[in-house]
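Please walk through this model with the sequence at hand, moving from single residues to the features that they build together.

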Amino acid sequence: ASVVAIDNKIEQAMDLVKNHLMYAVREEVEILKEQIKELAEKNNQLERENYLLKNLASPEQLEKFQ
C-alpha cells in the first residue's frame, strides 16, 4: 500500500513538472511568434527601402556594392 502511495505521489509530482514545463514552453513560443512577426515586418520594410534605393541609385553607385 505504501508503494502505491509513493508511486501516486511521484506521478503527481511528474504531472506538476510537466504542466509547468508546458506552460513555460507555450509562453516562450508566444514570445518567439511575436518576435518573428516583428522581424518579418522589419524585413519587408527594409526590402522596400532597398528596392527604392536601388532604383534611385546611379549605375556608378550600384557598382560599388557589387
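In which helix is Glu28 found? In this predicted model, Glu28 is found in helix H1, an element that runs over residues 2–56.

A search of the whole structure finds 1 salt bridge, and Glu30 forms a salt bridge with Lys33, in which the closest N and O atoms are 3.9 Å apart. That value falls inside the 4 Å cut-off used for such a pair. Glu30 and Lys33 are separated by about one helical turn, because they stand 3 residues apart in helix H1. Glu30 itself counts as partly exposed, at 48% relative accessibility.

Lys42 lies in helix H1 as well, and at 43% relative accessibility Lys42 counts as partly exposed. From Lys42 to Phe65 the sequence separation is 23 residues, while the C-alpha to C-alpha distance is 22 Å.

Phe65 leads on to the pocket. The largest pocket has a volume of about 160 Å³, and its lining consists of Leu53, Lys54, Ala57, Gln61, Leu62, Phe65 and Gln66. Both helices take part in this lining, as H1 and H2 each supply at least two of its residues.

Which residues does Leu62 touch, if those up to four places away in sequence are not counted? Leu62 has its place in helix H2, which covers residues 59–64, and on that count Leu62 touches Lys54 and Ala57. Lys54 and Ala57 are also among the residues that line the largest pocket, as is Leu62. Even with these contacts to Lys54 and Ala57, Leu62 is partly exposed, with a relative accessible area of 30%, and Leu62 is therefore not classed as buried, a term kept for values under 20%.

Note on methods:
Residues numbered from 1 in each chain as written. Predicted model: local features only at pLDDT ≥ 70, side-chain atom pairs only at ≥ 80, totals over all residues. Heavy atoms only, no water. Helix = DSSP H or I, 4+ residues; strand = E, 2+ residues; numbered from the N terminus. Buried < 20%, exposed > 50% of the residue type's maximum accessible area, 1.4 Å probe, protein only. Contact = heavy atoms within 4.5 Å. 1 Å grid on protein atoms, 1.4 Å probe; cavity = no way out; pocket = protein on both sides within 12 Å on 5 of 7 lines; lining within 4 Å. Points joined across faces, edges and corners; volume = space filled by probe spheres on them. Salt bridge = Lys/Arg side-chain N within 4 Å of Asp/Glu carboxyl O.
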